[in-house]
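Here is a short report to read alongside your structure. Keep the 3D view open as you go.

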Amino acid sequence: MRVVKAILSHPSGRIGGVIVLVYLLVALLGAVGLTPHDPLMQYRIDRLHAPTSSYWMGTDLFGRDVMSRLMKGIGQSFTVAFFSVALATLAGTVLGLTAAWFGGRWDTVMMRFMDVLLAFPAILLALLIVTIVGPGTWTSVAAISIVYTPIFTRVVRGPALSLKARDFVDAARTFGSSRSYILTRHLLLNLVAPLTVQVTLALAWALLTEAGLSFLGLGTQPPASSLGLMLSDARNLMEQAPWLLAFPAVAIMLSILGFNLLGDALRDILDPKTRRA
Amino acid sequence: MAPEMKPILSVRDLHVSFGPAASAKEVVHGVSFDLGVGEVLAIVGESGSGKSVTALSTNRLIDYAGGRITSGTIELLRADGSVLDVTCAGRQELTGIRGAEIGVIFQEPMTSLNPVLTIGAQIEESFRLHRGLTGAQARDAAREALERVRIPDAERRLKATPNELSGGMLQRVMIAMALACNPRLLIADEPTTALDVTVQAQIMALLAELRRETGMSMIFISHDIGLVAGIADRVIVMQDGRVVEQGDLGDILDKPQHPYTQHLLHAVPHFSSGVAARTDGARMAAPLPRPTLEVDDLVVRYPLKGGWFSKPVGAVHAVDGVGFDLLPGETLAIVGESGSGKSTTARAVLGLVAPTRGAFAVEAQAARPGQSRLPVQMVFQNPYASLNPRLSVEQILAEPVIATGASPDKAVRDRMAALLKRVGLPEDSLARYPHQFSGGQRQRLCIARALMLNPSVVVLDEAVSALDVSVQARVLELLVDLQHEYGLAYLFISHDMAVVERIAHRVAVMYAGQIVEIGDAKSVLSDPQHPYTKKLIEAVPTIDRRKQHFELDTRQVPSLVRPVGYEPPAATWMQYGADHKVRADA
């Protein structure tokens, strides 16, 4: 509750929070099918119709309602982003915590492997993985989570190393507290703040990577819709039907802006150094 | 000090606030004082008393810390005879007086120096900036500056980086830099608080000598009225941003008027060479009870590896052949300087450090170190670091219980409430978080946590060192009371002889990883036998030794690095009195 209040009183947190909330609502509506039209229904007579009162965002080449497809697409893109970030957070936290706790050879091997992954540009690495495994929604989830795991590993490992050396961990050892208790209560609990910030920012990157993969035809497969796929379809019709390009593009941009603003606000709020008294 | 001369610094009704103008919080409320040429003024007070803020207002360094002088005047007599009001001086004038007329040394020499530049480069910089020296000239000046603060082998030290020098050496470097431009006023902000007691004595001796040589004035900020007694001409006592008393050193020490000054002088532990040592020791009883803790021939070594194949090239003998026993209800204080192995000894007893060899016995249950959990608990030095900020007090106190595999039930919660009450914390503490408590309260919380499992031995590693002096006294009282109540044995690690005198029944002096003297507190503190113990006790500042002249000593501490397989010669002990023995140096 305290965090929600703090977000609302933070200028960029307010804007980011509202944007993200609206997107979540839209994604939910899209997911349960509460769209103005059936996103897959082809209204042949209304092909490439400009925005009107019945098609608020116009129709595409097959006469499908852009707004319905956009809502469905946002749902699809967010699903991929959430699952991939959740997996990356889980994997990164486990790897980072164990690397920091056990140290030694495990730490060295793990972190060098993460360095190798980090050396590839995100979209290139995702492309590589998808090309090997084959396109599809769940392979994009897997690919994107692998791409962002190293970032979470690093975000966890650094603070975990310094927490491990703190007196309260030594104190726990003198009580004979179990390893799992120390890892969860003393390390993980103190990592919640940096992780929250990282999750918010990673959601924005994951959305962008998903859009990139779908744009290249390796993510979500037609006839399902996703933001990247809609962009890709609209590419050749840019001059006849600019709305096809404009709406998904703006949707991607706004969502990333929203997550970034929210992430910045959370960083300010949760970081004790910038926290206002 | 010539009374007819104008004071070098004249502060009138100084008010300093922090924070934005609308919600400014005033921390210094109308401080006035004069500082004569060549005079040493000590500002004494506890943290938050405004002593540093007052001193750092005189060169407006306080601006950088977010402070603002809201009213009052600070008149500085400059070298050319003109008088400058620092409160309304411009940026250029301020740059002119900083370093050149007012030098400052801070508490932490380690963080005040740039770790990647050599000492030489950093000293030369101040000569370049203020005196316009270049190249070889600057280098010569830097060497002379180091020689002036009695750093041996100055030529070589110039090429060292800060991590290669000890804390005492670094503080000398800081003094050399502060004095580079011959300032007429030196502000020393707790310059020895982070240093060992013998090093502190060296720094104090150096400051006194430099003052005699240069005739500079000095503002010496300290929380320790005993330390101030060795150097000050006049003393200002501050509390909550106000001067509660000021006067000549003798008057303040002998005829304190204000209750707070009296409190600082009497309630706070001062070292008195064993006079105040405790007399309720367990060794007074005729048949000695069984020891709660016996440590025999404890050795902790860290291998040093070098070369291409990580061959062992030697070992750091952190603790070498330490043995002692501890009776129920008894306090053994281990004293020594940083690097003497006293903390490593404590950590080995707790199982936080794996001993190379040695045997422990706790309450006659012989146990090899690390094999079983010992009924030994610990209270750490820093109460801010030893409590997890994300856990509530209830969760913190429950941890030792959970560690034993039990679940915190009603009986446990009752014990929590009883212990909290016993250590003097409010009853509604259970739902609160560590940041809602002051340093002293947190340390009480740590003590309560250590007592949750009803241990027989509590290791207190510098447990009161991070606390303000008057809080220190109250926590010590609590520890003594708890000792009587629960029959606790304390292993009390400290560098502070005044605190040790208040709590210890027996004292063990550690030097270079070994115990060099051990015995009854009164006997060891009043009649030290080993040369190192003598040096250590002589170095303790006391209010009885005023304006004492310390001998400068530039010897280095011996290295603890030994070749592979080295075994120290067996100790031979000489007995002095019933319970007091001293290691005979080979």
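## About the model

This is a predicted model, in which local features need pLDDT of at least 70, side-chain atom pairs count only at pLDDT 80 or more, and totals for chains, interfaces and linings use all residues. Residues are numbered from 1 along each chain as its sequence is written, chains are lettered from A and ligands numbered from 1 in the order written, and side-chain values use heavy atoms, leaving out hydrogens and water.

## Annotated domains

In chain A, an unreviewed UniProt entry places "domain: ABC transmembrane type-1" at residues 74–263; such annotations use the numbering used here, have shortened feature names and may be inferred rather than shown by experiment. That stretch is 85% helix and 0% strand, with its end C-alpha atoms 20 Å apart. Helices (H or I, at least four residues) and strands (E, at least two) are DSSP runs, numbered from the N terminus.

For chain B, UniProt (unreviewed entry) gives "domain: ABC transporter" at residues 11–265 and 293–537. Residues 11–265 of chain B are 38% helix and 26% strand, and the end C-alpha atoms lie 26 Å apart.

## A closer look at α5(A)

Helix α5 of chain A (residues 122–133) has 12 residues and spans 17 Å between its first and last C-alpha, close to the expected 16 Å (1.5 Å times one less than the number of residues). Just after α5(A), G134(A) adopts a positive phi of about 105°.

Buried here means under 20% relative accessible area, exposed over 50%, and partly exposed in between (1.4 Å probe, protein chains only). L125(A), A126(A), I129(A) and V130(A) are buried in α5(A). Viewed down the axis of α5(A), its buried residues fall within an arc of 130°, so they line one face of the helix; the arc is that of the directions from the helix axis to the C-beta atoms. These buried residues pack against α4 (104–119), α6 (137–164) and α8 (179–215) of chain A, where contact means heavy atoms within 4.5 Å. On the face of α5(A) turned away from the buried side sit the exposed residues T131(A) and I132(A).
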